[in-house]
Amino acid sequence: MIQNIKKYTSLVVFAHTVFALPFALIALTMAYMAAPPARPALLLFQALVCMVTARNSAMSFNRYADRLIDAQNERTKNRELPSGKLSPRAVLLFFGVNVVLFLLCSLSINRLCFYLAFPALVVLCGYSYTKRFTWLCHFVLGAALAIAPAGAYIAVTGTITLPILWLSAMVVLWVGGFDILYSLPDEEHDRSHALHSIPQYFGRKRALYISGGLHLMVLPLMALFGLSASLGWCFWVASSVFTGLLIYQHAIVSVRDISKLNRAFFTTNGVASALFALLTIADLLL
């Protein structure tokens, strides 16, 4: 039983929830302060279930759609489907269960959440096919993760605000930038298999510049979020830490050396998002 759970958590790379969850918690906190719900604990639980099941749906569908591609890639051939640890039928069943749970939980929050759940699923699952025809796939992934804060806010208030839009736009560019870094090792594989990515299309050097440019654009969006939400000194400390960690991840990855990519991709971005959320939420509650 435990081994099967481990297979599914590995399938959806559950640890990567740290990328989107902190921003969803920021949005939930802001929503709670704008329109306190009657049962906040229940709503928090519903929002978290929606986020986890939506992400499980997206990741399991991605692994199913890419199973043949992953089998041809040295970096991904040991994933659960190519290695035979899980069957395609089992993954499809896991996907279906999570979709149903996501829709039911969305409906239990409010009808607007339920209606918006369908286009959200289209974006989340449609991302898997974008690399087959466009190098803009990194931005689609960013949009998929940006659904988390927007959806969390809508779940509580039934509306969207300018600060949440700035926060979501920030997530799009932040995720797009680090996903470009993540795809650097697959440059030659993508080229030889007619798959699309910014490294494949522009080359490693230009891809690093584009990633850096996207992360540079995150900074004014982060400032606009803070100003529009009237946040205080804790937020600006959070912004400084986030900026420093963005600079750090670009400092340890270069054209000639991508050996520290895992540290830049997972560790640095995970710490950056967690600290940003912690300090921003503290600012909101103080």
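Ser168 lies in helix α8, where helices are DSSP runs of H or I with at least four residues, numbered from the N terminus. The model is predicted: local features need pLDDT of at least 70, side-chain atom pairs count only at pLDDT 80 or more, and totals for chains, interfaces and linings use all residues. Residues are numbered from 1 along each chain as its sequence is written, and side-chain values use heavy atoms, with hydrogens and water left out.

**Ser168**
- Ser168 counts as buried because its relative accessibility is 10%; buried means under 20% relative accessible area, with a 1.4 Å probe and protein chains only.
- Leaving aside residues up to four places away in sequence, Ser168 touches Ala146, Pro149 and Ala150, where contact means heavy atoms within 4.5 Å.

**Helices α7 and α8**
- Helix α7 (residues 137-157) and helix α8 (residues 162-182) pack at an angle of about 150°, and their axes are 7 Å apart.
- Axes are lines fitted to C-alpha atoms, for helices over the stretch in contact, and angles run from 0 to 180 degrees between N-to-C directions.
- That angle makes α7 roughly antiparallel to α8, a term for angles over 145 degrees.
- In α7, the residues that meet α8 include His138, Phe139, Pro149 and Tyr153.
- On the α8 side, Ile164, Ser168, Val171 and Asp179 are among the residues in this contact.
- By class, the contact of α7 with α8 has 15 nonpolar, four polar and one charged residues.
- Ala, Val, Leu, Ile, Met, Phe, Trp, Tyr, Cys and Pro count as nonpolar, Asp, Glu, Lys and Arg as charged, and the others, Gly among them, as polar.

**Helices α5 and α6**
- Helix α5 (residues 88-109) and helix α6 (residues 111-130) have axes that come within 8 Å and cross at roughly 150°.
- α5 and α6 are therefore roughly antiparallel to each other.
- Phe95, Phe102 and Leu107 are among the α5 residues that meet α6, whose own contact residues include Cys113, Phe118 and Leu121.
- The contact of α5 with α6 has twelve nonpolar, one polar and no charged residues.

**Nonpolar cores**
- A nonpolar core is a set of buried Ala, Val, Leu, Ile, Met, Phe, Trp, Tyr and Cys residues joined through side-chain atoms within 4.5 Å.
- The largest nonpolar core has 75 residues, of which Phe23, Ile26, Met170, Trp174, Phe242 and Phe276 touch the most other members.
- Helix α7 gives the most to this core, with twelve residues.
- Apart from this core lies another, of seven residues, among them Leu11, Leu81, Leu86 and Phe94.

Technical notes: Buried means under 20% relative accessible area, exposed over 50%, partly exposed in between (1.4 Å probe, protein chains only). Helices (H or I, at least four residues) and strands (E, at least two) are DSSP runs, numbered from the N terminus. Angles under 35 degrees count as roughly parallel, over 145 as roughly antiparallel, 65 to 115 as roughly perpendicular and the rest as oblique.
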